[in-house]
Protein chains: 2
Amino acid sequence: MPSPTYELYYWPGIQGRGEFVRLVLEDAGADYVDIGRQPGGDKRIMAALKGELAPFVFAPPFLRCGDLILAQTANITRFLGERHDLAPADEAGRLAAATIALTIADLVDEVHDTHHPISVADVYEHQRDAAAQRSRTFRDKRLPRFLGYLERTLAANGDWLAGTAASYVDLAAFQIVEGLRYAFRHAFAKQQCPKLVALRDRVAARPRLAAYLASDRRLPFNEHGIFRRYPELDPE
Amino acid sequence: MPSPTYELYYWPGIQGRGEFVRLVLEDAGADYVDIGRQPGGDKRIMAALKGELAPFVFAPPFLRCGDLILAQTANITRFLGERHDLAPADEAGRLAAATIALTIADLVDEVHDTHHPISVADVYEHQRDAAAQRSRTFRDKRLPRFLGYLERTLAANGDWLAGTAASYVDLAAFQIVEGLRYAFRHAFAKQQCPKLVALRDRVAARPRLAAYLASDRRLPFNEHGIFRRYPELDPE
């Protein structure tokens with residue numbers, strides 16, 4: 001049996017940061033194996049975490065493509081996007097896309113820290129007071145700022161965030177909208193970001209992505225991932 | 001007067017994330033202007049923050065090189081490193097370097113959040129209790145994990161973190177050690193990371209960097225940047 005082109009190493013059972021990678025692989029129609037969801041996959045991820053895949057990877061997602069190994073979501077999606085015609089072709093566009101992808105990654109980090117403001121090594125229930133405070137700041141200050149940034153970028157660039165066609169950054173923006181609608185539905189409903197929502201709809205309608213989203217490969221959101229629904233963090 | 005090759009947009013008065021970019025520019029001997037430290041520089045940074053430099057930049061540092069504009073520290077240092085022989089030449093090495101640089105950027109984010117765990121829009125003094133909690137987790141769990149990762153990578157790769165020569169990632173590792181020795185001197189002294197400290201010394205001895213570090217272009221650490229010395233967050 002021939003080796004798959006790509007091996008994705010990510011926790012099973014959650015969308016998490018791995019979902020940004022899955023979306024690119026799926027939209028590209030790439031040949032990949034989601035290692036964490038194979039029999040014995042958890043052991044392979046634990047081994048990779050110890051550095052056995054490569055010493056320089058720290059936390060999933062990891063991607064292996066033959067002798068190439070890389071980690072960090074925005075790095076992986078850039079790599080895949082540039083190989084699969086899901087990135088601008090020119091240097092200025094590629095740098096813009098990389099900039100936006102990393103800014104979206106910062107937003108994802110801030111979403112994570114709404115429920116884990118004190119310690120990633122402890123459960124939400126032990127840091128609820130700080131989570132309530134951090135979520136308030138997120139809803140009132142950070143979310144409008146990030147969404148305003150994406151809206152401004154779309155207003156300047158047109159239908160897509162970078163370049164003249166869909167790229168890995170647009171897929172990331174789709175995931176942001178989906179995640180925010182799950183985790184912060186009330187706060188998100190108050191935002192003014194019609195261009196971002198329209199972009200989300202354009203991405204969702206892409207044939208390979210639509211098929212993926214309707215499949216059981218697309219996991220539902222839950223309270224183990226990045227985007228979590230804790231009603232007390234998102235009051236009406 | 002000819003235009004400089006590079007314009008760096010960053011807050012004046014702090015090392016902050018901009019310092020990771022300055023270290024690469026200085027080690028490369030590149031022709032650059034530190035816009036924030038020029039007369040009227042603050043206005044140019046505020047204009048850039050509003051999207052007037054490019055709509056897709058969100059927070060400093062920003063870099064302009066002719067028609068190319070980019071943001072995000074690890075993105076900028078990768079771009080400069082690959083142009084100035086401060087990055088591995090092969091794709092596997094470049095992806096490893098990019099991975100490590102982004103992991104160091106995550107460490108920098110976590111250092112920042114030790115003093116701002118609740119809100120980046122408010123002062124440390126209003127979030128001291130949460131900061132004390134987050135700092136404890138940082139000292140006990142996260143710092144050893146990140147430093148162990150860098151130590152493991154050096155043990156596997158040799159004198160440098162990626163490839164066979166100094167790269168932008170090694171300069172970032174230097175800055176991490178300097179910052180931790182300032183902000184978390186007691187916690188850092190308890191860590192076992194001899195290879196990382198030796199790397200810091202190799203980087204500091206590079207002639208252009210040594211000249212930079214001895215110049216007044218190298219700002220001192222202070223309590224406005226990322227690495228801040230709050231003794232209550234770093235008990236003996």
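Helix 6 of chain B is mostly covered, with 14 of its 16 residues buried. This helix spans residues 168–183 and reaches 22 Å from its first C-alpha to its last, close to the 22 Å expected at 1.5 Å a residue. The model is predicted.

- The same surface serves both copies, as 100% of the contact residues of chain A recur in chain B.
- The contact between the chains takes 37 residues from chain A and 37 residues from chain B.
- On the side of chain A that touches chain B, strand 4 (68–71), helix 3, helix 4 and helix 5 (128–157) each supply at least two residues.
- By class, that side of chain A has 21 nonpolar, 10 polar and six charged residues.

**Helix 3 of chain A and its surroundings**

- Helix 3 of chain A is mostly covered, since nine of its 11 residues are buried. Among them are A:Ile76, A:Phe79, A:Leu80 and A:Gly81.
- What do the buried residues of helix 3 of chain A pack against? Within chain A, their partners are helix 1 (18–28), strand 3 (62–65), strand 4, helix 4 and helix 6 (168–183). Helix 4 (91–115) of chain B is also a partner.
- After helix 3 of chain A comes A:Asp85, whose phi is positive, near 60°.

**How helices 3 and 4 of chain A cross**

- Two packed helices are described by the angle between their axes and the distance between the axes.
- For helix 3 (residues 73–83) and helix 4 (residues 91–115) of chain A, the axes come within 9 Å and cross at roughly 145°. The crossing of helix 3 and helix 4 of chain A is right-handed.
- Helix 3 of chain A contributes A:Thr73, A:Ala74, A:Thr77, A:Arg78 and A:Glu82 to this contact. Helix 4 of chain A contributes A:Arg94, A:Ala98, A:Ala101, A:Leu102 and A:Ala105.
- By class, the contact of these two helices of chain A has five nonpolar, two polar and three charged residues.

**Backbone details in the loops**

- Most residues other than glycine have a negative phi, and most peptide bonds are trans.
- The peptide bond from A:Pro60 to A:Pro61 is cis, with omega near 5°. A:Pro61 lies in the loop between helix 2 (41–49) and strand 3 of chain A.
- In chain B, the peptide bond from B:Pro60 to B:Pro61 is cis, with omega near 10°. B:Pro61 is in the loop between helix 2 and strand 3 of chain B.
- A:Gln72, in the loop between strand 4 and helix 3 of chain A, has a positive phi, near 80°. Is A:Gln72 buried or exposed? A:Gln72 is buried, because 28 other C-beta atoms lie within 10 Å.
- B:Gln72 has a phi near 80°, a positive value in a residue other than glycine. B:Gln72 counts as buried, with 28 C-beta neighbours inside 10 Å.
- B:Ala59 and B:Gln72 are 13 residues apart along the chain, and their C-alpha atoms are separated by 7.7 Å. B:Ala59 is partly exposed, with 17 other C-beta atoms within 10 Å.

Terms used:
Residues numbered from 1 in each chain as written. Chains lettered and ligands numbered in written order. Predicted model: local features only at pLDDT ≥ 70, side-chain atom pairs only at ≥ 80, totals over all residues. Contact = placed C-beta atoms within 7 Å. Axes fitted to C-alpha atoms, helices over the stretch in contact; angles between N-to-C directions. Helix = DSSP H or I, 4+ residues; strand = E, 2+ residues; numbered from the N terminus. Left-handed = near helix turned anticlockwise from the far one by under 90°. Nonpolar A, V, L, I, M, F, W, Y, C, P; charged D, E, K, R; others polar. Expected span 1.5 Å × (residues − 1). Buried ≥ 20, exposed ≤ 12 C-beta atoms within 10 Å, placed from the backbone.
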